[in-house]
Amino acid sequence: MAKLNFCLSIFVFCMSLFNIQTKGFVERPWLYKHHAALFIFGDSLFDAGNNNYINTTNGKANFWPYGETFFHYPTGRFCDGRLVPDFIAEYAKLPFIPPYLQPGNKLFIYGVNFASGGAGALVETGKGSVIDLQTQLGYFKNVSRVLREELGDAKAEALLSRAVYLFSVGTNDYAFPFETNSSVLYTYSVEQYVGQVIGNITQVIKEIYEVGGRKFGFPNLGPIECAPFSRTMVPAGENKCFEPFTPYVELHNIEISKLFQELQSDLKGVKYSILDFRAVGQDLINYPSKYGFKEGKVACCGSGPYRGILSCGGRRGVREFYLCDNVSDYVFFDSVHPTERTNEVLAHLAWSGEPNVTGPYNLAALFEF
């Protein structure tokens with residue numbers, strides 16, 4: 001009898017271990033009760049490596065010198081180290097939020113990253129070589145179904161409503177037509193084209209709301225016309241930004257602000273933060289020493305004027321490139337993307353900035369609700 005009881009005890013113990021592993025979401029509720037999850041959407045400013053797993057020619061950053069500062073290996077982030085969402089996750093006491101397409105990524109209670117380098121709000125932006133915003137939304141809906149299956153409806157709804165939804169989208173929608181000399185520049189007015197971009201963003205936000213999302217972090221578009229890449233589009237000898245971008249970006253930012261004011265009024269429970277990336281970015285570019293940088297206009301890694309040719313790493317058609325000695329002196333890492341230090345500045349302001357920088361709430365406040 002004693003031997004039988006011992007065997008039964010071992011059996012019960014083993015089964016309990018099995019249940020913990022297979023029903024971890026249910027058996028470990030503290031994992032989602034004490035920390036709001038973080039769901040990330042958008043483009044290369046926030047892509048933590050999703051593009052590693054898709055068929056794209058130039059839209060990857062999974063090679064040296066990307067990742068060297070912090071990770072010491074290329075993760076797929078378009079940066080020498082961490083991105084804004086990485087710092088936000090740290091401030092919120094979350095682990096790094098993994099890319100959705102990363103093999104084996106099935107633990108969604110902390111959130112997941114859907115962003116894709118080159119993506120935009122419009123399906124046509126980078127079509128065939130990116131994960132557009134609508135597809136990212138589809139991935140999120142898949143995750144919400146998994147959470148409901150694992151946690152049950154009530155607990156999943158609690159997780160989704162407490163989560164913060166962080167976006168970086170729009171830049172490529174305005175840059176892509178200029179890069180490709182697309183006919184849309186002549187087919188639509190600035191107002192019409194921006195209206196299409198905002199319309200798609202509105203649809204995605206409303207669908208996330210229907211699934212359960214309530215809290216949105218939405219940085220406005222930075223001074224993309226002054227990035228090293230954009231400056232290469234200006235005639236040689238003219239030391240200025242590529243001004244044709246400006247009316248699109250400025251109108252977009254006005255409309256995003258209006259959109260969230262309307263959503264907060266129309267949809268119960270919506271709260272939002274809009275970090276003024278544009279104002280902060282202009283300050284970083286024009287007055288880098290104010291933030292401890294030495295160079296705001298020239299990239300650390302790349303080639304050509306301002307190192308504005310996207311050749312960093314030598315894997316995008318141009319093999320020769322220059323790499324600076326001290327990346328922490330630079331605002332831009334490559335011709336488009338900020339350095340880790342710049343991302344930390346932006347993340348800190350997004351997390352704890354005043355209303356004139358973040359809108360009605362900063363991200364710290366969103367995580368507390």
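1. On the basis of the note: because the model is predicted, local features need pLDDT of at least 70 and side-chain atom pairs count only at pLDDT 80 or more, while totals for chains, interfaces and linings use all residues. Residues are numbered from 1 along each chain as its sequence is written, and side-chain values use heavy atoms, with hydrogens and water left out.

2. On the disulfides as a set: a disulfide is a covalent bond between the sulfur atoms of two cysteines, and here the term is applied to a pair of cysteine sulfur atoms within 2.5 Å. The structure holds three of them, and if the bonded cysteines of the protein chain are numbered in sequence order, the pairing reads 1-2, 3-6, 4-5.

3. On C226 and C241: these two cysteines are joined with an S to S distance of 2.0 Å, and the link is right-handed, with 100° about the S-S bond. C226 lies in the loop between β4 (215–217) and α10 (228–231), and C241 in the loop between α10 and α11 (246–266), so the pair ties together parts that are 15 residues apart in sequence. The helices (H or I, at least four residues) and strands (E, at least two) named here are DSSP runs, numbered from the N terminus. Both ends count as buried, a word that means under 20% relative accessible area, with exposed over 50% and partly exposed in between (1.4 Å probe, protein chains only): C226 has 11% relative accessibility and C241 has 17%.

4. On C300 and C324: this disulfide also has an S to S distance of 2.0 Å, but the torsion about its S-S bond is about -85°, so the link is left-handed. C300 sits in the loop between α12 (277–286) and β6 (301–302), whereas C324 sits in the loop between β7 (322–323) and α13 (340–352), so parts 24 residues apart in sequence are tied together. Both cysteines are buried.

5. On C301 and C312: the sulfurs are again 2.0 Å apart, and the torsion of about 100° makes this disulfide right-handed. The pair links distant parts of the chain, with C301 in strand β6 and C312 in the loop between β6 and β7, eleven residues apart. C301 and C312 are both buried.

6. C79 is buried, with a relative accessible area of 0%.

7. On the sheet: strands of a sheet pair through backbone hydrogen bonds, either parallel or antiparallel. Five strands form an open sheet in the order β2-β1-β3-β4-β5, with parallel pairing, where two strands pair if DSSP finds at least two bridges between them. At the edges stand β2 (111–113) and β5 (271–273), each with a single partner strand, so one side of each is left without a neighbour in the sheet.

8. On strand β3: five of the five residues of this strand (residues 164–168) are buried, so β3 is largely enclosed by the rest of the structure. V164, L166 and S168 point one way from the strand, and Y165 and F167 point the other way. Strand β1 (residues 38–42) pairs with β3 in the parallel sense over five bridges, with I40 opposite L166. Three bridges join β3 to β4, also parallel, and here V164 stands opposite K215.
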